[in-house]
Amino acid sequence: MQVTKNDLLAHELLVEFSEKYVEDRSGQHPSVSDLIRCVTRSFYDTFAPVEHTDQTKVYFLIGLGLEEAILGQRQNLKRNGEYDGVYYHLDSLDAGWFELKSTRLSPVARKDGSSPGGAEGYLQHGFSLRQFLSYAKTQGLQELDLGIVWLVQGQFDVYHVTFTQEEVDTNWEWIALRRDVFNQAVERGVPPKAFEYNEQWECTGCRYNMLCAYNREKG
C-alpha cells in the first residue's frame with residue numbers, strides 16, 4: 001500500500017467550503033468580533049485583507065459545520081443587527097438565547113487549580129466572554145445557554161450562564177472605546193496603533209505581524 005498526501009485537493013475543498021458557507025459581512029463594521037480581538041488586525045482584515053490560511057479555513061469548517069448540524073433547525077428568528085454603532089451576529093434566539101462553541105480544552109478541572117474546567121474554564125480563555133457580554137448588551141439580556149463541543153473528548157454539554165448588569169455595562173464601556181478607535185482609524189485611513197489594542201498572544205502567527213512591526217519602527 002502506498003499513501004501520499006493530496007495537499008492541492010485539500011486546499012481546493014477548503015476554498016470551496018469558504019466560498020459557499022462563510023458569510024459575506026462587508027459593510028457590517030465594526031462588529032463585536034472586530035472589537036473583541038486585535039483592533040489593528042480587524043482594520044487590516046476589513047480594508048487590506050490577506051487570504052485566510054488553510055488552518056483558519058479549517059477552524060471555519062469546524063465552527064460553521066457544527067453550527068449547522070446542531071442549530072440548523074432553530075435559527076429562524078432574526079439574529080443579527082446593529083446596536084450603538086456596533087454590528088452583532090448571535091447564534092440563535094429561538095427558544096431563548098443560545099450560543100455554540102467548540103474547543104480542544106478539557107471539560108475537567110485541572111489538578112493544579114489553574115482551570116476549573118467546564119464553561120467557567122472555557123470562558124477564561126480567548127474572546128468568548130467579551131463576545132457574550134457584548135451580545136447581552138445588544139439584546140438587553142443577562143442570561144444565555146452555552147453549548148460547548150469538547151472536540152478531544154467527543155463530548156457535548158450545555159451550560160446556563162448568568163451575568164450581572166454591571167458586568168454587561170463595564171464590558172460595553174470597553175467595547176465603545178475600541179469602537180471609537182476603529183472608527184477614527186477608518187476616518188483617517190490609518191490603522192490603529194500597532195500592538196496597542198491587542199493581547200500579546202494574538203501576535204503569534206498573525207499574518208500582519210511583520211507589517212505591524214514595520215509600522216512601529218517607522219513611528
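This is a predicted model: local features need pLDDT of at least 70, side-chain atom pairs count only at pLDDT 80 or more; totals for chains, interfaces and linings use all residues.
Mentor: A word on the ground rules: local features need pLDDT of at least 70, side-chain atom pairs count only at pLDDT 80 or more, and totals for chains, interfaces and linings use all residues. Residues are numbered from 1 along each chain as its sequence is written, and side-chain values use heavy atoms, with hydrogens and water left out.

Trainee: What makes residues 165–188 a helix, α7, and how does its reach compare with the expected span?

Mentor: Helices are DSSP runs of H or I with at least four residues, strands are runs of E with at least two, and both are numbered from the N terminus. Helix α7 has 24 residues. Glycine 189 follows α7, with a positive phi near 75°.

Trainee: Which residues of α7 are buried, and what do they pack against?

Mentor: Buried means under 20% relative accessible area, exposed means over 50%, and partly exposed lies in between, with a 1.4 Å probe and protein chains only. Among the buried residues of α7 are Val168, Trp172, Ile175 and Phe182. The buried residues of α7 pack against α2, α3, β1, β2 and α6.

Trainee: Why are α6 and α7 called roughly perpendicular?

Mentor: The axes are lines fitted to C-alpha atoms, for helices over the stretch in contact, and angles run from 0 to 180 degrees between N-to-C directions. Under 35 degrees counts as roughly parallel, over 145 as roughly antiparallel, 65 to 115 as roughly perpendicular, and the rest as oblique. α6 and α7 pack at about 100°, with their axes 9 Å apart, and are therefore roughly perpendicular. The residues of this contact divide into six nonpolar, three polar and four charged.

Trainee: How do you know that β1 and β2 pair?

Mentor: Two strands pair if DSSP finds at least two bridges between them. β1 and β2 have four, in the antiparallel sense, and tyrosine 83 has valine 86 in β2 as its bridge partner. The two strands form a hairpin with two residues between them, and aspartate 84 in the turn has a positive phi of about 55°.

Trainee: What makes β3 largely enclosed by the rest of the structure?

Mentor: Five of the six residues of β3 (98–103) are buried, so the strand is largely enclosed. Six bridges join β3 to β4, and the two run parallel; the partner of serine 102 in β4 is valine 149.

Trainee: Why does threonine 40 count as buried?

Mentor: Its relative accessibility is 1%, so threonine 40 counts as buried. Threonine 40 lies in α3. Contact means heavy atoms within 4.5 Å, and threonine 40 touches Pro191, Pro192, Lys193, Ala194 and Cys212, not counting residues up to four places away in sequence.

Note on methods. The expected span of a helix is 1.5 Å times one less than its number of residues. Ala, Val, Leu, Ile, Met, Phe, Trp, Tyr, Cys and Pro count as nonpolar, Asp, Glu, Lys and Arg as charged, and the others, Gly among them, as polar.
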